[in-house]
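Hi everyone, thanks for coming. I'd like to walk you through some interfaces today, so let's get the structure up on the screen.

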Amino acid sequence: MVLKEKLVMDRFAEVVKNRHDYAREWKQRTGGRVMGYFCTYMPEEILIAAGMMPVRILGSHEPQDVTERHIYSMFCPFCRDCLAQGLKGRFEYLDGIGMAHTCLHIRQAYSSWVLHVPTKQNFSYYISMPAKPQSPRARPFLIKELEAFKKAVEEWIGRPVTNKDLDKGIEVMNTNRRLMRQIYELRKADKPLVTGTECMQMVCASQCMDKEEHNKLLAEFIKNELPKRTGRDAGTRLMIIGSEDDDTEFLAMAESLGATVVADDHCTGSRYFWNEAPKSEDRIAAIADRYIAKVPCPEKDWEERRRWTHISKLVDEYKVQGALMIQQKFCDPHEFDIPPLMKMLKEKKNVPSLFLEFDVTVPVGQFRTRVEAFLETMQLEM
Amino acid sequence: MKQVLDRRYQTRPLQNWNKCRELRLKYYQDVASARQQGKLLIGGSAGGLSILPSGLGNAVWFGGETYGATVGADPAFSYPCMEATEAAGLGRDTCVYFRNYFGSMLLDKYYFGGSFPKADFYVQSHSCDVHSKWYQAASEHFGVPFFGIDMPPGPWGEDRTEERVNYFAGQLLDAIDWMEKVSGRKYDDEKFARAVINEWESARLWAEICVLNQTVPAPLDQKSMLVLFLPMMVLRGTDRSLEFYRELKAEVEERVRDGIAALATERYRYLHEGIPPWHFLRVFRILEEYGAVSLGSLYMFAMAGHWDVGEDGVWRPLPPFERLGVQFKNREDIARFYAETYIGNINYQGSFWSAAVKSRQVLQIYDQWHAEGVVMHLNRGCKGTGGYMLENRLELIKAGIPVVAYEGNAADRRDFDEAQVIDRLESFVESQGLTKISRE
C-alpha cells in the first residue's frame, strides 16, 4: 500500500478502505499476530504489550445474505454486518478473536464467529467487562478479569508480558488518545481546522492499524500539515451522538450541506479514546481504571446518567448548535437513551436534534432531505 | 384425510389449576393495594431479584415481565400501551414486555383496574441490555430511586471464577444497604434466609415437576405449564409459592402413577422453544388437533427451575436445601449462596452466554424428554431469551432433528401473522406423518 505521497487524512481514509490489505502487509512485515476484537472495551494495551496489532471488527456497509441462518434479523445490523465480514473470509488473517462484554447484539456476532470463523491460531477470549462501572465492586472485578486475560495471552504467545511491555502498551495507547484529543480540540475553533468526516476516518484508522504508526501520522499531521490549514466556515455546528457509526459517506454528505460536525459521542469517535490510563505501579489496575472511567456506552450508563455530563460538556465546549441522533436499528441501549437525551439537549442546552435510524446501508437521498430540512429549521430558529 | 379420534390415554383437569389462577389474581390485587395495606411496593424484573427485598418485610414485588406479558395477551389493552411507548419516542423494536409495561405506566392504566401502581423504588439485576435501562426509565418517570445489580456473563461449572460470584454477591449486599436507606426499614437477615431457602425449594420442585413430564404420556402440556410456573415468577421465595409447588408436584406424581395424560390423543412429542406468543396460546391447541403435545422448553424448564447438569450432560433437579449442608452464619453467607444460585441458573448459561452451550442444552432436553421434533418461536419481543436461536436450529438440523421456526412476537400481536403461522405449523406436523384427528 503506497501511502507516503498522500496527506495524512487521506492516508487514514486509505487505510480504512483497505484495512485488510494493511493488516496482511503488517503481518508479513513484522511477523506479529493480529487480534480481532468487537466493541471498544477490549484492553488494547495488553495486546500491544504482547506485540500484537489489535484490529476492531467493523462492517462493510454492503448488503449481505450470509448471516440470516446464524443471527435473527431483530439483532442490530451492525452485529450482523460484522459477522458477515468473518463469514465471507475477509478477516482470514486474524490470529485470534476477542470481546469485552458490552451488549447482547454484538455477543451474538462474537459467539457465531467463534463457532464458524476459524482464526489462524484458534484463540478466542471473552472478558466479562462489568456493565455497572459505577459500582465500587466493578474495579476489583475487572482487575481480576484483566489479569486472567493477560495470563491467557501469555500462554498463547508463550512468553510473559512484563511490566515493561505493559508500560509500552499503555504509553502507545495513551499517546494515541492524547494526539487524537489534540486534533479534536481543533474543532472548537470558529473555523474548524478539521472536519467531522476526517475525524471519523482518523478514529476508524486508529482502530484498524498499528497504533505506533498511527501515532507517527498524527504527529506528522500536527507538525507539518496543520500549519498550512486555514479552516472552513463551520456553518451550522453539529454533533453526532449514538450507536456505532463508521458511515463516513453519510457524514461527508451532512457536511456538504452548510454544516460541520464539530463533536461526537459514539464509539468510532470520542468514546473510543477520550480518557487515558492513569500512571500506577500496578499496570493492570491502571488499565482497569481507564476502562471503568471511560465515557460509557449506554448499556453501561446507569443508575446515574454519566454520559449526559460528557455530552453536555462537549456541547458547551464545541459550541454545538444541533445534534444528529444516530441509532443502529434494534440497538436497545441507545433506543432507551435517545428520547430523554433529546429532551435534555433541547430543554437544558437549547440544542435541537434530528433522529436517524441506521441500517447496514442508509438511504442517503432521503437522509439528505431530512438533514437539509433540519438545518433549514435550525437556521430559521437562529 | 382426517384420522378417527383415538383417545389412547385417560385425561382429567388439573386440581391445582384454579389455585394457581387465584394466586395470580391475588398477587395482582396485592400489587394494586400495596399502598393501602401499608406495604412497600418494589419494582423490578419478574423472577429476578424479587426475593432480595424479603428482609425488609411487608413488601410486594411488582414484576415487569409478567405484567408486560399479561398486557400483551390482550391486544385491545396492549395496543394503546405500546403506541403510547412509541409515541414517547421509544423503539418499536425493543423489549415487548417493556413496551407494554411502560405504556400502561404512561397512560396510568393498570390492567386489573385503576391507576398504574407506583413503586416506592426499583431494584433490578442486569443480564440483558434492557433490564437496567427499563427501570432507569421507570424510576425517572416516577421520580423514585433505582438500584441496578450487574450480572456479569461468563462460563459456569469448572470454568467459573470466584471473582464473578464475589462481584455479584457484593452488589447484593450493597443493594441491601441501599434499600435500608431508601425505605427507612431495618433489614432482617432471617427473613432473607427464609426466602432464599423457599426459593431454592420451589425452584427445585419445579425442576422435579418438569422431570415428571418426561413420562409417556406427558402428564402436563406446555400451555398449562406456562401458567403453572407463574408463582415462580411473581411469588418467588414466598411460603405461598412453596406450598403451591409441593401440592402441584404431588398431583403430577399422582397423574403419572395413574397414567393420566395432558392430551388424551398424544402421539407426537415436541418442544416449543422460546417464549410463546401470549396473545395466541392457541398455537398449542392447533398442534394438539394432530395429537402433538408440547412438553416444555429450555426457557420454561430453566427460567424457574434449579438444575444440576452433570458431566454426562443429564439434567437433574438439585437436591433439597437441607441435604446441601449449608449453614448461614451471616448476611454475607446468604448473599453468596444466593449469588451462586442466581448466576448458576442454567438459563443464564445458555441464552445469556454462549450459543454452543445453549445448543447443547436444547439437544439434551430433546433427548431427555423423549421429544420427536422442535418448534421454535423466533420472538421479536425478547433479544435475551431469543439469543442464539438460529444457531440452535442449525445444531438441531445437524443432529437430524425435525425443527420448524416461525416468526412472531410474545406480546405484540402486530408482529404476528396468524394465517401464516398456522399454515407453517400444520405443514410441519403433516411432514411428520400426522393427520388431523377427527372430533367425531
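This is a predicted model: local features need pLDDT of at least 70, side-chain atom pairs count only at pLDDT 80 or more; totals for chains, interfaces and linings use all residues.

In chain A, the domain assignment gives us domain 1, residues 8-159, and domain 2, residues 167-379. Their C-alpha centres lie 21 Å apart. Domain 1 of chain A puts 55 residues into the contact, and domain 2 of chain A puts in 60.

How much area is buried between these two domains of chain A? About 5,000 Å², with carbon and sulfur atoms giving 64% of that.

Now the polar side of that domain contact. Between domain 1 and domain 2 of chain A there are six salt bridges, and 25 residue pairs are in polar contact. Have a look, too, at the salt bridge joining the side chains of A:E44 and A:K211, at 2.8 Å from N to O. On the domain 1 side, the elements that give two or more residues include the helices α1 (8-17), α3 (44-49) and α6 (138-157), along with the strand β2 (53-56). By class, that side has 34 nonpolar, eight polar and 13 charged residues.

Okay, over to the two chains. Here chain A brings 46 residues to the contact and chain B brings 51. The buried area is about 4,000 Å², and carbon and sulfur atoms give 58% of it. On the chain A side, the residues losing the most area to chain B are A:Y72, A:R137 and A:F336, together 19% of what that side buries.

Which residue of chain B forms a salt bridge with A:D332? That would be B:K383, with the closest N and O atoms 3.0 Å apart. Across the interface of chains A and B there are four salt bridges, and 27 residue pairs make polar contacts.

As for elements, α5 (104-116), α6 and α14 (332-349) of chain A each give two or more residues to the side that touches chain B. The largest share comes from α5 of chain A, with eight residues. By class, this side of chain A has 18 nonpolar, 11 polar and 17 charged residues.

Notes. Residues are numbered from 1 along each chain as its sequence is written. Chains are lettered from A and ligands numbered from 1 in the order in which they are written. Side-chain values use heavy atoms; hydrogens and water are left out. Domain bounds come from an automatic or database domain assignment. Contact means heavy atoms within 4.5 Å. Buried area is the accessible area (1.4 Å probe) that two parts lose on being put together, summed over both. A polar contact is a pair of N or O atoms within 3.5 Å; within protein, one must be able to donate a hydrogen and the other to accept it, and residues adjacent in sequence count only if both atoms are side-chain atoms. Helices (H or I, at least four residues) and strands (E, at least two) are DSSP runs, numbered from the N terminus. Ala, Val, Leu, Ile, Met, Phe, Trp, Tyr, Cys and Pro count as nonpolar, Asp, Glu, Lys and Arg as charged, and the others, Gly among them, as polar.
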